[in-house]
Structure formats: structure tokens, C-alpha cells
Amino acid sequence: MKGEPDFLQNLRTEMGDGRQWLDRVIVIVYAVLTGLAVVAFTLLADAAFGLYQGLRSTAWWAPLIWTPLLTAAVVWSIRRWAPGAGGSGVPQVLVALAPETPESARHRFVSLRLSVAKIAAVTGGLLAGLSIGRQGPSVQIAAGVMLHARRWLSPRSDISTRELLVAGGAAGIAAAFNTPLGGIVFAIEELSRRLQDRSSGLMLAAIVVAGLVAVSAFGNLSYFGRIRADGVSWWDLMWPGFLVALSAGLLGGLLSRLLLASFMGLPDRFCAYRRKRPVAFAALCGFVVAVIAVITGGEAVGVGHHHTHALLHNPDFDQQLPLVFTGLKFIASWLSAWTGVPGGMFGPSLSIGAGVGADIAWLLDSPHGPALIALGMCGFLAAVTQTPITAMIIVMEMTDGHSMVLSLMACALVSSLVSRMISRPLYSTTALLMMRSLREASVGPAIPATTPGQAPQDSTPR
């Protein structure tokens, strides 16, 4: 039949094109490098926060001095040398993926140099004791490493810049969370929104290779262990689960709206002061975060994974600062983003969501605390990012909660719907703001592209 593939001819074509196979080898090598970069970033970030905890345990008052000073230093450094490394990292990749972004401007948002700067800046933020995550920055870091492969590929290679960016971003999420399915869904739901056959193949290859590197370093284990929800029925979780989804949606939407308002710079005295003295403003925010760290004994700062793990495996919620932790972690995460220090919202969102679930379980005296905590993690992440499928997959893989798939899905959808009534999508809206700055820079004086949490800069040396 005409039109059917000719196996022998296709095999000769595949095996005979040596340059095509060399391009594939180059992509695989860069996928390994991407995984190694995320692993190194993870180890550095964890070591930095460990040093901060050691400093805090040595002298309880030390964060009151250390956090503002280091926060100001990081913000000053980023504004001076690498403005494109600011923010969470996901909006930068979205701008680089946008068709209207000129090819010559992509390096201002994603590059190997910015990946190195991002690693250093986020590590500095965690060393300062801010409430920031490392998973969102992993997207920009991995995309920058993978994009560097472009210079070694053949000019006639059918592997496009867009495909490298999507593959790198997806591999970054997969390696950072140790959730391969989460990386795939994140690429479809947030980064690409449409995938061709070639794109999906390249993305899967990058995720597999980068994931294998991460598994080799950290083991094939769930972040938070297995959720014991085998005996929990839909009816048992329906009412408390709805409260968790509603609360997570309201709080997540509020946090997203506050972050967008902070990034856009409203005409109030705080934003005006931040525009005038960004480094001093960062120090003030850092001081407030340090006060929160002192009050909570360091529990409400950092990524938050240790506190989340403790909530999941300690049913005595009275010892976990019910209601207080959630509110203070919320404020610390907002102020940490407002400082302008690069950092993500994935980790803090999971931690705040876990606090929401624990609070509902405590208020209702529910015996299904771990299940409600998992729902809170899923709901809050879905509310902040407004990517419900990604949130559900990530939490399911991180907690080994396959028995809760339907509950997690329902919670993510409800929370995301509530959040959309309160706030615009965080990442895509931030990306639009950055693209607007890029267009303004192209028609006006040459200025560095602004990033989330950073006011426009002039070109005057300082």
C-alpha cells in the first residue's frame, strides 16, 4: 500500500546519517549535565540552609543581623551583575519560549551564565534564611544548561531552540522533585501547552536521563514517604477535604495576588520606597523574616520540606504551632519574594499547604491528618501556580499517594478554580510583565530586562 513506511529505507537513512546521531549524543550529554547541575544545586542549597540553621542554633539573635545583611548583599549583586537571574525562574523560561521574543534577546532570560548566577543567588538566599524554594529556579537552571547544547548542534539539525528549552525546563522539575511524571505534565501544562512528536521525544529523553542522574544521587524514594490512606473513604474525606481545598484556594489565590501586586509595583509608600532604595528595602524585609524565624525556631523559613515531613509523620499537631505556622510561613514567603532575592514558590507552597491541611485536621479533630496534609499540599500548590494537573501529579509522586489520586485531583481542581476568582495566573502574568519591559527597552534607552521582584534599572554605573 502506498504511503506505508519503508522499514529498510528508513533504517538505512537513520543509520547512515552520522551527523544526526552526533546531535543526539550531544543532547544526551547535555541531559546528563542538566541532571548534574540540578543535583549540585540541590546539595548546595541544602548545605547553605544547614549552615544557617547551625548559626541560628548557636545564637538565637544571629538571624536578626545575618539575614538582613546577606539579603541586601544578594539583591545588590543580582541587580548589578545578573538581573536576568532574578525571580523564580519559570517566567524567564516562558519569555524565552514566547515566539515574539527575539532570538538575540533570549540570553537575557535563559543562558548558562544565568544558570550559574541563579545557583549562587538562591544558595545565598537560603544561607540568609529566607523562605524561598529551589524547584522553580531549577527550571531556569536546567533550561540554561540544555540551551547551551544549541551551539554544538549541526546547522541543519531539526532540534529547535524551543525544544531544548522545553526539554530542559521539564527535566529541571523532574530532577528537582524526583517526579518524572510531574516534569512531563509541567512541560505540557505550563511551558509548552502544545507538543509536537519531536518535542515530546526529546523531552522524554531529557527527563529520563536527568532523572536517572538525580535518582543515582538521592535514591528512588518519595520525598515525604508513603501516605497511609488505604482505609480512608471518599465520604470520610469529603467534608474536611472540601474545607482544605477551599482554604488552600483562598490563601493560595491571595498569595499569588500579593506577589503580582509586589512585582508590578503599586503606587503605595512601600513600593515607592522599594523603587527608590531596593537594597535597603530588601534588608528591611529580611529583618522581618528573621523575626519570624526567631519566633518559630527556624521552622517557617527555608524551603520547608523538613517541617512538612514532620507534619506528615507526627500526628500530634498541638506541637506543630497550629494556625500560627501557616500564617507566619505565608508572610515569610511573601516578604522573601518581595526582597528581590531569586527563589521559587513550589517548596514554600507545599509547606504552607501542609500547614493548612494540618490546621483543618486539628480544628476538626480528624483522624486522617496525613491525608488532609497531602490534600493541602496539592491544593495550595495548584492555587498558587494555577496548574492543577501538575500539582496533583507532583504531590502524588512525592508522597507515594497513588491511593488518593481522585481526592488529590478533586482538591487541585477546586483550589485552582477558587484561586482563579482571586488572582491572575502567577507565572504567565509575570512573564507578560517581563515581555512588556523587554519591548519598552527595545524602543527606549538600553536597560537590563526587569525581573520579578525587581524595579527597572538605569544604565548609570554605581
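Biologist: Is helix α6 mostly covered or mostly exposed, and how many of its residues are buried?

Modeller: A residue is buried when under 20% of its relative accessible area remains, exposed when over 50%, and partly exposed in between (1.4 Å probe, protein chains only). In α6, 13 of 13 residues are buried, so that the helix is mostly covered. The model is predicted: local features need pLDDT of at least 70, side-chain atom pairs count only at pLDDT 80 or more, and totals for chains, interfaces and linings use all residues. Residues are numbered from 1 along each chain as its sequence is written, and side-chain values use heavy atoms, with hydrogens and water left out.

Biologist: What span does α6 reach from its first C-alpha to its last?

Modeller: The expected span is 1.5 Å times one less than the number of residues. Helix α6 (residues 135–147) reaches 18 Å, close to the 18 Å expected. Helices are DSSP runs (H or I, at least four residues), numbered from the N terminus.

Biologist: At what angle do the axes of α3 and α5 cross?

Modeller: Axes are lines fitted to C-alpha atoms over the stretch in contact, and angles run from 0 to 180 degrees between N-to-C directions. The axes of α3 (residues 62–81) and α5 (residues 112–128) come within 8 Å and cross at roughly 165°. That makes the two helices roughly antiparallel (over 145 degrees).

Biologist: Which residues make the contact?

Modeller: Contact means heavy atoms within 4.5 Å. Among the residues involved are W66, L70 and W81 of α3 and R113, A121 and L127 of α5.

Key
Angles under 35 degrees count as roughly parallel, over 145 as roughly antiparallel, 65 to 115 as roughly perpendicular and the rest as oblique.
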